[in-house]
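Take each task first by yourself, then follow the solution step by step.

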Amino acid sequence: MCGIAGWVQFDRDISAETRVGQAMTGTMACRGPDDEGLWTDPHAQIGHRRLAVIDIEGGRQPMTAQEQDRTLAVLTYSGEVYNYRQVRAELVSLGHTFRTGSDTEVVLRAYLEWGATFVDRLHGMFAFAIWDPREQELLLVRDRLGIKPLFYHPLPGGVLFGSEPKAILAHPAADRTVDADGLREIFSDVQTPGASVYRGMRQVRPGHVIRFRPDGRGDRRYWGVEAREHTDDLDTTIGTIRGLLTDIVTEQLVADVPLCVLLSGGLDSSTVTALAARAVAGAGGGPLRTFSVDFVDQDANFKPDIVRPVQDAPYIREVVKHVGTEHREIVLGNEQLLQPEVRASVIRALDHPLFMGDTDASLYLLFRSIREHSTVALSGEGSDESFAGYPYFHRPEYMMVDEFPWSTASRSCLTGLFAPALADLDVASYRADQYQQALAEVPRLAGETGLPKRMREVLHFFVTRFVSELLSRKDRLSMANGLEVRVPYCDHRLVEYVFNVPWDMKGFDGREKSLLRAAAADLVPASVLSRPKTGYPVTHDSAYDRAAREELAKLSGDANAPVQPLLSQDVLRAVRDDPEGATTSALTRVEVDLALNLNSWLEMNRLRLVP
């Protein structure tokens, strides 16, 4: 796992401007603490920061393919291709020779053999750029589910690119403006495929290849979820899911560095843990490492709700005992969660604030602790989106309305603090437009009507729009600590198969995630199989909320705070005059943290706000 950055300028020589390329690449140091490199020619600067995971010595980048004294292609690559050994064997049979054992060289050689269509053969999570000096052409490529990020910023006569916006913003020609559409993207809580919150900046859409040439650019979709008739019976479907998961988890254990699993005690992570432990034991390895997060005095403070009806800790202990892992619990207190440097690190990592409350800080601190012991971690993201695990899927008030199911929950997090900004920006219309765009992209099955048709739509929303924000968050907060997180449930083969299983089969036992529960029945404790869906944990200590509101009260008195134009002055006055009053107490944790994080983000990045 690594960070990439680059600048291509077709209309002039930029070879003497290496300070710019170095600055862009330097912003990716958190993603790649092990090595760095910058390749240049008259029209391209290709940068790389490396986190060494496979072939520690041989995988240095940018990697070039040479023929005599001529450079054929240059690759800067982030991610993992899990089937690289099979692709390598095919390339060897076609006459290619290899000087390293890395998947990077396989990607480079595959491009030379098959051109831009080579990406169709790759299984994994990846984002990379290939500069072809022969054709004066740049390819930007992103994996099928968008697990790895890749941004770009067109310029007159060229283009900037990077794993994260901060790489692009390091270039003097980048626009540091957040306009109305950028703010709408933040407040709508909908990550529109291809969009960015920065004016002029875009993302490569998942499953796409973008080609830049002097005469323009082209965008090709090489993968997307398609609607197909599902002909397997229930037993065959369950068996296929189990087989796919077994193969995928085993494939994703390949690494030349210490590896672990993030364990919450839920069905998703417990299944991955059990499968990984079996594979490690089968290969003659020792006990699998697992990690979890909890909070000081959580037993005394915990209050069940619809998102978190039960605590994780008892189930984690049962899984650890059942599977036999080497487990560490990371326990966090308010003094850690509220540290200014932690907030700054989180904002710097994310590049823009999310609707996540204190969970961003706790996830960042969890990853920081894990990195002391492991370099790679497996996680359970993507299961709920494919297997219909969220409560939304089973409540008509979320499913049978013309909006994204999670929009109602997002709106409830914003009481009045942002009311003027939401009205001025007309976020409601923006959400509605994005919903109609998403609806138009849903693949249809001939003759499908009623509930099956609606659930196909909703599942597609979650796979293409909801999970992308979770993947982005996990990538940024993990890579900010030099930790690579792999997500087996986001393997495209599993997503394709489960997407087309009929809705009545997905819930054949009357519960959420029926198919996954059946596929994992012999792997995890019975208590985990019957456990209700529970979200990522948060601290239930009311002292956290009091401290955050006190920070907001201080901010309310700063007329120069850049977030002020987005906040209700009436609410701010109430917060300042009566920090424990009814108006202040009614503010949600997500709302308060979003205000504080927006302010930090605007200050830290010297952004120009144009609502």
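## Exercise 1: The second largest pocket

Helix H18 (residues 450-479) gives the largest share of the lining of the second largest pocket, four residues. Before we go on, note that this is a predicted model, in which local features need pLDDT of at least 70, side-chain atom pairs count only at pLDDT 80 or more, and totals for chains, interfaces and linings use all residues. Residues are numbered from 1 along each chain as its sequence is written, and side-chain values use heavy atoms, with hydrogens and water left out.

**Task.** Describe the space in this pocket and the residues around it.

**Solution.** 
- Step 1: get the terms. On a 1 Å grid over the protein atoms alone, a pocket is an open set of points with protein on both sides within 12 Å along at least five of seven lines, a cavity is a set where a 1.4 Å probe fits but cannot get out, and lining residues have an atom within 4 Å of a point. Helices (H or I, at least four residues) and strands (E, at least two) are DSSP runs, numbered from the N terminus.
- Step 2: find the volume. A volume is the space filled by probe spheres set on the grid points, which are joined across faces, edges and corners. The second largest pocket holds about 360 Å³ of space.
- Step 3: look at the centre. The pocket is lined by 21 residues, and the closest to its centre are Arg144, Pro193, Arg205, Pro206 and Thr464.
- Step 4: sort the lining by class. Ala, Val, Leu, Ile, Met, Phe, Trp, Tyr, Cys and Pro count as nonpolar, Asp, Glu, Lys and Arg as charged, and the others, Gly among them, as polar. The lining has seven nonpolar, nine polar and five charged residues.

## Exercise 2: The largest cavity

**Task.** Which residues are the closest to the centre of the largest cavity?

**Solution.** 
- Step 1: the structure holds 10 cavities of 30 Å³ or more, and the volume of the largest cavity is about 190 Å³.
- Step 2: among the 21 residues that line the largest cavity, Glu185, Gln191, Val197, His352 and Leu354 are the closest to its centre.
- Step 3: helix H5 (180-188) and H18 are the elements that give two or more residues to this lining. H18 has the largest share, three residues.
- Step 4: by class, the lining of the largest cavity divides into 11 nonpolar, five polar and five charged residues.

## Exercise 3: Strand E9 and its partners

**Task.** Which way do the residues of E9 point, and which strands are joined to E9 by bridges?

**Solution.** 
- Step 1: recall the pattern. In a regular strand the side chains alternate between the two faces of the sheet.
- Step 2: apply the pattern. Gly158, Leu160 and Gly162 point one way from E9, while Val159 and Phe161 point the other way.
- Step 3: check the cover. Buried means under 20% relative accessible area, exposed over 50%, and partly exposed in between (1.4 Å probe, protein chains only). Five of the five residues of E9 (residues 158-162) are buried.
- Step 4: find the partners. Two strands pair if DSSP finds at least two bridges between them. E9 runs antiparallel to strand E1 (residues 2-9), with five bridges, and Val159 in E9 is the bridge partner of Val8. Strand E8 (residues 151-155) is also antiparallel to E9 and joined to it by five bridges, with Leu160 in E9 as the bridge partner of His153.
- Step 5: look at the turn. The hairpin of E8 and E9 has two residues between the strands, and Gly157 there takes a positive phi near 80°.
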